Amino acid sequence: MVNHSSATEFCLLGFRGSKELHYFLFTIFFFFYLVTILGNSLIIMIICIDKRLQSPMYFFLGHLSVLESLITTVIVPMMLSGLLLPKAQTISLTACVTQLFLYLALGTTEFALLGVMAVDRYVAVCNPLRYSVIMNSRTCTCVVIVSWVFGFFSEIWPVYATFQFTFCKSNVLDHFFCDRGQLLKLSCDNTLVTEFILFLMAVVIIIGSLIPTIISYTYIISTILKIPSASGQRKAFSTCASHFTFVVIGYGTCFFLYVKPKQTQAAEYNKIVSLLVSVVTPFLNPFIFTLRNDKVKEALQDTVKRCGQLLKD
């Protein structure tokens, strides 16, 4: 019997290329990260202080902004530091486990919340008279808590199963964070069964949260088309446009990344899709939910005016 020793730390190769390219990428990703944190923090702040935004839709949007900020913070700071280092970045086994768990748990929570937001839009458009009764504060708080708890508990076993393997082929990860697919490539064990189970779990989580979204939007579109006036149709659709746009971007990127039987796909492909999930989508979130939402724009303008008056005084 061969005695294999497992890696206790990993080297992250990050992005290939010259120092100049790394500095350029650092500048771009730092800008994206800064705008993401400031933009999502601004959304959270105006939702908390503006009375016009004290409704279930914006309550859920606030939690979505928190999730987007956390997801990008789990990945981007380490990626940025790696771009400035002259050598490959190292990460301990404990830090690798923590990063992977937080990344997957926060992502799963976001999927659950997107499903909840779709149902909220269905009730608002299709049952407006009962909206305040159905989507009361207690219901909203409960479904948000369930989303967070589900997201974190559902990823305990997948992360545990990933790190039960012996990583003896190498300790070099061809990625900018502890990606599960690249970790499985380093294992000396047979990972096919675990990969298939992880695939099934990804299908259940993503499709499971997508089903209420599809059903909700089927009813929403049907209801909007029955509205006789074009202005009424535009007004009804405008309440759902931001969420629908975010759903298309979020689910589209994650389908390419996670819903596949083989977890160990090409590293370059994995990096690109991971960048979309952890950098681009959180960056777009503030623009999607502010530029397409009149109430948020009005609240933002009023907040800027108040801040300007306070500075003058």
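## Chat about a predicted chain

Mentor: Let's start inside: Phe60 is buried, at a relative accessible area of 0% (buried means under 20% relative accessible area, exposed over 50%, partly exposed in between, with a 1.4 Å probe and protein chains only).

Trainee: What kind of model is this?

Mentor: This is a predicted model, where local features need pLDDT of at least 70, side-chain atom pairs count only at pLDDT 80 or more, and totals for chains, interfaces and linings use all residues. Residues are numbered from 1 along each chain as its sequence is written, and side-chain values use heavy atoms, with hydrogens and water left out.

Trainee: Back to Phe60, then. Where is its place?

Mentor: Phe60 is in helix α2, residues 56-84. Helices (H or I, at least four residues) and strands (E, at least two) are DSSP runs, numbered from the N terminus.

Trainee: Which residues is Phe60 in contact with, leaving aside neighbours within four places in sequence?

Mentor: With those neighbours left out, Phe60 is in contact with Leu113, Val116, Met117, Asp120, Met135, Cys140, Val143 and Val144. Contact means heavy atoms within 4.5 Å. Take Val143: it sits 83 residues from Phe60 in sequence, with 9.7 Å between the two C-alpha atoms.

Trainee: Cys140 is on that list. Is Cys140 buried or exposed?

Mentor: Cys140 is buried, with 3% relative accessible area. The closest cysteine sulfur to its own is in Cys142, and at 9.4 Å that is too far for a bond.

Trainee: How many disulfides does the count come to?

Mentor: The count comes to one disulfide, taking a disulfide as a pair of cysteine sulfur atoms within 2.5 Å. It joins Cys96 to Cys178, with 2.0 Å from S to S. The pair links distant parts of the chain, 82 residues apart: Cys96 is in helix α3 (residues 93-126), and Cys178 is in the loop between β3 (172-173) and α7 (180-185).

Trainee: Why is that disulfide left-handed?

Mentor: The torsion about the S-S bond of Cys96 and Cys178 is about -125°, so the disulfide is left-handed.

Trainee: And are the two ends buried or exposed?

Mentor: Cys96 is buried, at 0% relative accessibility, and Cys178 is buried, at 0% as well. Cys126, on the other hand, is partly exposed at 21%.

Trainee: Switching topic: what about Val149? Where is its place?

Mentor: Val149 is in helix α5, residues 137-153. At 40% relative accessibility, Val149 is partly exposed. Thr109 is 40 residues away from Val149 in sequence, and their C-alpha atoms are 7.9 Å apart.

Trainee: And Glu9? In which strand is Glu9 found?

Mentor: Glu9 is in strand β1, residues 9-12, and is partly exposed with 37% relative accessible area. Apart from neighbours within four places in sequence, Glu9 is in contact with Thr90, Ile91, Ser92, Leu93 and Asn171. Between Glu9 and Thr73, 64 residues apart in sequence, the C-alpha distance is 21 Å.

Trainee: Zoom out for me. How many helices and strands does the chain have?

Mentor: There are 11 helices and three strands in the protein chain. Along the sequence they run β-α-α-β-α-α-α-α-β-α-α-α-α-α.

Trainee: How many of the residues are buried?

Mentor: Buried residues make up 46% of the 313. As for contacts with a separation of 6 or more, 81% come from residues 24 or more positions apart.
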